[in-house]
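User: Please zoom in on the salt bridges of this model, and on how they relate to the domain boundary. Walk me through it in one go, cut-offs included.

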Amino acid sequence: MARKQFDLIVFDWDGTLMDSTATIVKSIQAAARDLGLPIPSREAAAHVIGLGLAEAMQVVLGPEVDPKYHPRMVERYRYHYLTKDHELTLFDGVPEMLQDLSQLGYFLAVATGKSRVGLNRALNAAGLLATFDATRCADETFSKPHPAMLQELTRELGQDLKRTVMIGDTTHDLMMAQNAGAAGIAVEYGAHPVDQLAACGPLFSAKDVPELHRWLGEHA
């Protein structure tokens, strides 16, 4: 059966497939607390999810904090996150959706702000190491919203950006799709507010994983 619109479906990880937004926010706040720095609000901490870790810590601390604290924030963030990451789970419906899309013959990929070590650990824990045809991490190329992750994934898999869709919970994901000339789909259950996602003009905006699964089955 001919595809309707897409051959390659690319997913963000945190806040899109993995229910990790709250843990990331709390880990950022705990890291700042450890160092005696101003503690970012939930909104400020959630906004940097999806960026590479070093860039995220720099953005969330802001220009008024001495740059010497950036690597120490990364270190303390990792400490707090790694004490919790074994408790994280995929959103309900994610395994079934991925299995269905794979059986339908779509190429599946991940583009994430996680490190390679972090993504591989998460994929292994979730039992998804063999599910994706390719993955890209923020420590391997330019961070979102730069288009490099999508450009590299399509080159690796021999796919066309015009028949590629990026699915994510942040404006960083949707802007990366725009910058690459790919389509973007928003999910409303992750890190960024719905109005900010809508301002990026996604092709579709899903309230939960089952709604995303249904839309992909009918339209992708």
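Analyst: **Salt bridges and the domain boundary**

Arginine 76 comes out as partly exposed because its relative accessibility is 25%; on this scale, buried is under 20% relative accessible area, exposed is over 50%, and partly exposed is in between (1.4 Å probe, protein chains only). Keep in mind that this is a predicted model, so local features need pLDDT of at least 70 and side-chain atom pairs count only at pLDDT 80 or more, while totals for chains, interfaces and linings use all residues. Numbering runs from 1 along each chain as its sequence is written, and side-chain values use heavy atoms, with hydrogens and water left out.

Arginine 76 pairs up with aspartate 34 in a salt bridge, at 2.9 Å from N to O. The term means a side-chain nitrogen of Lys or Arg within 4 Å of a carboxyl oxygen of Asp or Glu. Aspartate 34 sits in helix α1 (residues 21-34) and arginine 76 in helix α4 (residues 69-82), so this pair links parts 42 residues apart in sequence. Helices (H or I, at least four residues) and strands (E, at least two) are DSSP runs, numbered from the N terminus. Aspartate 34 is partly exposed too, with 39% relative accessibility.

Now for the boundary. The chain splits into domain 1 (8-20 + 88-219) and domain 2 (21-86), with bounds that come from an automatic or database domain assignment. Their C-alpha centres are 23 Å apart. Contact (heavy atoms within 4.5 Å) involves 19 residues of domain 1 and 19 residues of domain 2. About 1,400 Å² is buried between the two domains, and carbon and sulfur atoms give 46% of that; this is the accessible area (1.4 Å probe) lost on putting the two parts together, summed over both.

How many salt bridges are there between domain 1 and domain 2? The count is 1. Going by class, the face of domain 1 that touches domain 2 has 3 nonpolar, 10 polar and 6 charged residues. Here Ala, Val, Leu, Ile, Met, Phe, Trp, Tyr, Cys and Pro are nonpolar, Asp, Glu, Lys and Arg are charged, and the others, Gly among them, are polar.

Arginine 121 and aspartate 85 also form a salt bridge, their closest N and O atoms being 2.9 Å apart. Arginine 121 is partly exposed, at 35% relative accessibility.

Salt bridges with shared partners also join Asp12, Lys144 and Asp173 into one network. For context, most peptide bonds are trans. Proline 145 is found in the loop between β3 (134-137) and α7. Both Lys144 and Pro145 are among the residues in contact with histidine 172, neighbours within four places in sequence aside. Histidine 172 belongs to helix α8 (residues 171-180), and it counts as buried because its relative accessibility is 9%.

Zooming out, the whole structure has 9 salt bridges. One of them is between arginine 163 and aspartate 7, with the closest N and O atoms 2.7 Å apart. Arginine 163 lies in the loop between α7 (148-157) and β4 (164-168), and aspartate 7 in the segment before β1 (8-11), so the pair ties together parts that are 156 residues apart in sequence. Arginine 163 is partly exposed, at 27% relative accessibility.
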